[in-house]
Amino acid sequence: MAILTFTPQEVSAKVLLVAVGIGDYPKPINPLNLPTKDAIAIKTLIDKNGDAGTAILLDKEATKSAILSEIHARFDHASTDDIIIFFFSGHGYKGGFVAYDGELPYSLIREAMGSSKCKNKMIFADACFSGKMRQGKRQVKEENSDSNVMLFLSSRDNETSIERRDMTNGFFTICLKDGLSGKADENRDRKITAKEIFNYVSKNVKKLSRDKQHPVMWGNFSNDMPVIIW
C-alpha cells in the first residue's frame, strides 16, 4: 500500500503533539539507543500535517515537571475536535514512565491531559513493560472519567520493547510512523482511526519481532476516533 502524499488541504482537526525521548539517563539507569530517534521521527511526521502544533523534549530536558508543563501548555487550549497526542520513548515501569529525573506516574499524565476539553486524546508509548501501565485499581477506576485517554502501548506487561544496535527506531515506532503516514488507512479516506492504527501496528510489530512483542491498546474510546487526518 502506498504512503499518502502530503498535500495542503483543509482539515477539521488540529493535531497537537508532545513527544518525549529519553535514552541518556543518569546513572545507574541503563542508557538506551533509540528513544531520542523515536521522538524525533514522530515529531517530524506530525510536522508534515497541514495543521499541527508540536513540541519535543529529549534526554535531560525531559524532567517530570517539564513534561507535565509542556502537556498543559500544548493541550489545555485545544478545541473539542482537535487531536492531542503524547508520545513517549524510554524506560517504563508498572504504572508509568521513567522521566530523566525519576518516575512519572501515568495518573499524573492522565490528569494533565484531562485539563483539555478535547475529546480525541491518546498516549503512544514505546517503552519496556509499558503494558503494566494498565495495572492498578486507580487506572481501572479512572477509565470512565472525563480525563480518559486512549493508550497504545508497545508491549505487553511481561515483554520488553526490543532494541538492537542495527535498528534506527523501535519496532513500535517504525510501524506507528508508517501507519500514521498512510499505510494504516484501510478505506483510503485520509482519516486514520484508532481501529485502523491498531490493526496495522499490531500486525506489523508482531511480524518484525517474530512474535516476541505484542502492542496493546486500552481505554474507553470509539474505534472510529480519529488519530490523524491528512
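Me: Which residues touch the most other members of the largest nonpolar core?
Reply: This is a predicted model, where local features need pLDDT of at least 70, side-chain atom pairs count only at pLDDT 80 or more, and totals for chains, interfaces and linings use all residues. Residues are numbered from 1 along each chain as its sequence is written, and side-chain values use heavy atoms, leaving out hydrogens and water. A nonpolar core is a set of buried Ala, Val, Leu, Ile, Met, Phe, Trp, Tyr and Cys residues joined through side-chain atoms within 4.5 Å; buried means under 20% relative accessible area, exposed over 50%, partly exposed in between (1.4 Å probe, protein chains only). The largest such core has 36 residues, and those touching the most other members are Phe124, Leu176, Ile197 and Val201.

Me: Which helices and strands each supply at least two residues of this core?
Reply: Helices (H or I, at least four residues) and strands (E, at least two) are DSSP runs, numbered from the N terminus. The helices on the list are α1 (35-47), α5 (171-183) and α6 (194-208). The strands are β1, β3, β7 (120-127), β8 (150-153) and β11 (226-229).

Me: Which residues does Phe124 touch, not counting residues up to four places away in sequence?
Reply: Contact means heavy atoms within 4.5 Å. On that basis Phe124 touches Ile85, Phe86, Phe87, Phe88, Met150, Phe152, Phe172, Leu176 and Val227.

Me: How many residues are in the other core, the one that includes Leu32 and Ile84?
Reply: This core lies apart from the largest one. Met113 and Val149 are also among its members. Its residue count is 34.

Me: What share of the residues of the protein counts as buried?
Reply: The secondary structure comes to 6 helices and 11 strands. Of the contacts with a separation of 6 or more, 78% link residues 24 or more positions apart. Of the 230 residues, the buried share is 53%.

Me: Is Val15 buried or exposed?
Reply: Val15 is found in strand β1. Its contacts, beyond residues up to four places away in sequence, include Ile46, Ala52, Ile83 and Ile228. With a relative accessible area of 1%, Val15 is buried.

Me: How far apart in space are Val15 and Gly50, C-alpha to C-alpha?
Reply: In sequence, Val15 and Gly50 are 35 residues apart. In space, their C-alpha atoms are separated by 9.0 Å.

Me: Why do the buried residues of α2 line one face of the helix?
Reply: The buried residues of α2 are Ile67, Leu68, Ile71 and Phe75. Seen down the helix axis, they line one face because they fall within an arc of 95°. The arc is that of the directions from the helix axis to the C-beta atoms. Turned away from this buried side are the exposed residues Ser65 and Ala73.

Me: What covers the buried residues of α2?
Reply: The cover includes strands and a helix. Among the strands are β1 (15-21), β2 (52-58), β3 (83-90), β5 (96-99) and β6 (102-105). The helix is α3 (106-113).

Me: How far apart are the end C-alpha atoms of α2?
Reply: Helix α2 has 12 residues (64-75). The expected span of a helix is 1.5 Å times one less than its number of residues.

Me: How many residues lie between β5 and β6 in their hairpin?
Reply: The two strands run antiparallel. Gly96 stands opposite Pro105 in β6. The number of residues between β5 and β6 is 2.

Me: Is Arg210 buried or exposed?
Reply: Arg210 lies in the loop between α6 and β10 (216-218). Its phi is positive, about 55°, although it is not a glycine. At a relative accessible area of 75%, Arg210 is exposed.

Key:
Pairing = 2+ DSSP bridges.
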